[in-house]
Amino acid sequence: MANNVDVIIIGAGPGGIFCAYELMEKRPDLKVLMIEKGRSIEKRNCPKRVTKTCAGCKPCSITTGFAGAGAFSDGKLSLSPDVGGNLPEILGYDKATELIHESDEIYIKFGADKSVYGIDKEAEIREIRRKAINANLKLVECPIRHLGTEEGYKIYSKLQEHVLSKGVEILFNTMVTDIIVEDGVAIGVKTDKGEEYRAKEIVSAVGREGADWFKDKCEEIGIETKPGTVDVGVRVEVRDEVMQFLNENLYEAKLIYHTPTFDDKVRTFCTNPSGEVATEYYEGGLAVVNGHAYKGKEFKTNNTNFALLVSKNFTKPFKTPIEYGKKIAELSNMLCGGKILVQTYGDFRRGRRTTEERLCRNNLIPTLKDAVPGDLSLVFPHRIMVDLDEMIQALDKVTPGLASDETLLYGVEVKFYSNKVIVNKDFETSIKGLRAIGDGAGVTRGLQQASANGLSVARSIIKTLEA
Ligand SMILES: Cc1cc2nc3c(=O)[nH]c(=O)nc-3n(C[C@H](O)[C@H](O)[C@H](O)COP(=O)(O)OP(=O)(O)OC[C@H]3O[C@@H](n4cnc5c(N)ncnc54)[C@H](O)[C@@H]3O)c2cc1C
């Protein structure tokens, strides 16, 4: 292993992978080193997928390793620049659209399903929009390509094979602990194995999993950041019948609401028709809720799940929104013995704890088997409870049945993409030689934009190296 290379990429999530891919496409002569704290994709194995109980692996196989948080994600690729990140703000709308198209082509080249959901049902979409307007909800149109969890895993496996065959070196099970800066220039990294690697260009692509670490590094080496947003909320689960019209015509209904009481933004996110609610573990064993849907018929359930997220922006002097989100999730973990809390919407409204007995009365069978019936009012601040309630009432006008007593709310879902690193159009930070991309830099929030970001930064690197 050479300790001096041209480019070091920290993190092998979609952002890092597409950066490595593009560097090899355009400059196969470059020496590219990826350093990834998790395992190679074939060694990533989440025991919970079989046992349904989390074994607390360290590092977590769901969020670390080749393909990062993408490997076991539901693999829904948003094809609109309006969704999944800030690339349009940084690069311009047209450029972001072009890059998304290019990264999408790469997913297709590596085996993605060619069907696109959410474009062909014009009359039905007009009807949904009419109902949304009536409920003061904004409908965001976003065509989706759905890889499906198991197909997504295969596509990323082929990408791993591809970048390795093109000569990219990947150090797995290795965490970057430090970024070496000399005279205001980033010149290399140190790893937890005690090694040092040097490069002309370093890309931080550490994802949400590495966002805390990168935030600390930013403070330590003086990279400019600004406090971002934190999204906190619940995962909602209903019978497929309740969401059928939206699922069949939009696949993913992206609806945004500004609540009447607090004027807070609440949005729907990551809908999984016939899917499963899942637990996701962050460093330190923090359990948060998520959801996914398998493509194969044999894995389908009768339920649809989606997230309802309240966006919180903080003002001075508060500057640790990630901590805020974690504290809320920790509170829920504390009440539920480290597991996910579940409450029926009927109990949520009546301010009482859900019981096993009341859970069994429903048409709806929870798909997250180890969730603990509880009371979300002991977890969320009043403001978030009101925001969620008002959003559910509004959604009920678009998809009647959603505000039924049996609807399940799982807590806590938190999206930790709040540390926004200040970058220019080439994703350069205020430290020369160090670029930051993807979810960990607060630039993106989804697979497609993270992948497009990887392509874009690779081209910027090549431009600099060739200047
Ligand atoms: C369960 C789940 C489901 C999801 N479903 C969808 C979906 O359907 N559609 C969608 O668009 N998005 C989805 N997402 C989000 C999507 O996975 C992310 O937006 C995307 O993976 C971000 O890519 P990234 O490259 O920025 O970061 P990541 O994918 O998070 O990759 C970052 C990598 O960096 C590594 N790393 C971190 N710190 C270090 C360090 N110090 N040293 C070495 N390595 C480090 C991590 O181990 C990780 O592998 C989902 C996420 C999860 C967790």
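Trainee: Which side chain does a polar contact of 3.0 Å join to the side chain of Thr 63?

Mentor: A polar contact is a pair of N or O atoms within 3.5 Å; within protein, one of the two must be able to donate a hydrogen and the other to accept it, and residues adjacent in sequence count only if both atoms are side-chain atoms. Here the partner of Thr 63 is the side chain of Glu 209, at 3.0 Å. Please bear in mind that this is a predicted model, in which local features need pLDDT of at least 70 and side-chain atom pairs count only at pLDDT 80 or more, while totals for chains, interfaces and linings use all residues. Residues are numbered from 1 along each chain as its sequence is written, and side-chain values use heavy atoms, with hydrogens and water left out.

Trainee: Where does Thr 63 lie, and is Thr 63 buried or exposed?

Mentor: Helices (H or I, at least four residues) and strands (E, at least two) are DSSP runs, numbered from the N terminus. Thr 63 belongs to the loop that links helix H2 (48-51) to strand S3 (76-78). Buried means under 20% relative accessible area, exposed over 50%, and partly exposed in between, with a 1.4 Å probe and protein chains only. With a relative accessible area of 8%, Thr 63 is buried.

Trainee: Which residues does Thr 63 touch, not counting residues up to four places away in sequence?

Mentor: Contact means heavy atoms within 4.5 Å. On that basis Thr 63 touches Arg 44, Gly 68, Ala 69, Glu 209, Glu 280 and Tyr 281. Glu 280 is 217 residues from Thr 63 along the chain, and their C-alpha atoms are separated by 8.0 Å.

Trainee: Which residues are the closest to the ligand?

Mentor: A residue is near a molecule or strand if one of its heavy atoms lies within 4 Å of it. The ligand is surrounded by 36 residues, and the closest are Glu 36, Ala 69, Lys 76, Asp 439 and Leu 447. A polar side-chain atom of Asp 439 lies 2.6 Å from an oxygen atom of the ligand.

Trainee: How many cavities of 30 Å³ or more does a search of the whole structure find?

Mentor: Rolling a probe the size of a water molecule over the atoms shows where empty space is left. On a 1 Å grid over the protein atoms alone, a cavity is a set of points where a 1.4 Å probe fits but cannot get out; lining residues have an atom within 4 Å of a point. Grid points are joined across faces, edges and corners, and a volume is the space filled by probe spheres set on the points. The search finds 1 such cavity, and the largest cavity holds about 50 Å³ of space.

Trainee: What lines the largest cavity?

Mentor: Its lining includes Met 243, Leu 246, Leu 255, Thr 268, Thr 271 and Phe 306. Helix H8 (240-250) and strand S13 (265-272) each supply at least two residues of that lining. Ala, Val, Leu, Ile, Met, Phe, Trp, Tyr, Cys and Pro count as nonpolar, Asp, Glu, Lys and Arg as charged, and the others, Gly among them, as polar. The lining divides into 7 nonpolar, 3 polar and no charged residues.

Trainee: Where are the cis peptide bonds and positive phi values to be found?

Mentor: Most residues other than glycine have a negative phi, and most peptide bonds are trans. Lys 58 and Pro 59 are joined by a cis peptide bond with omega of about -5°, and Pro 59 is in the loop between H2 and S3. The bond from Gly 411 to Val 412 is also cis, with omega near 10°; Val 412 lies in strand S19 (residues 408-415). Phi is positive at Cys 270, near 55°, and at Ser 274, near 50°. Cys 270 is in strand S13 and is buried at 12% relative accessible area, while Ser 274 is in the loop between S13 and strand S14 (276-282) and counts as buried at 16%.

Technical notes:
1 Å grid on protein atoms, 1.4 Å probe; cavity = no way out; pocket = protein on both sides within 12 Å on 5 of 7 lines; lining within 4 Å.
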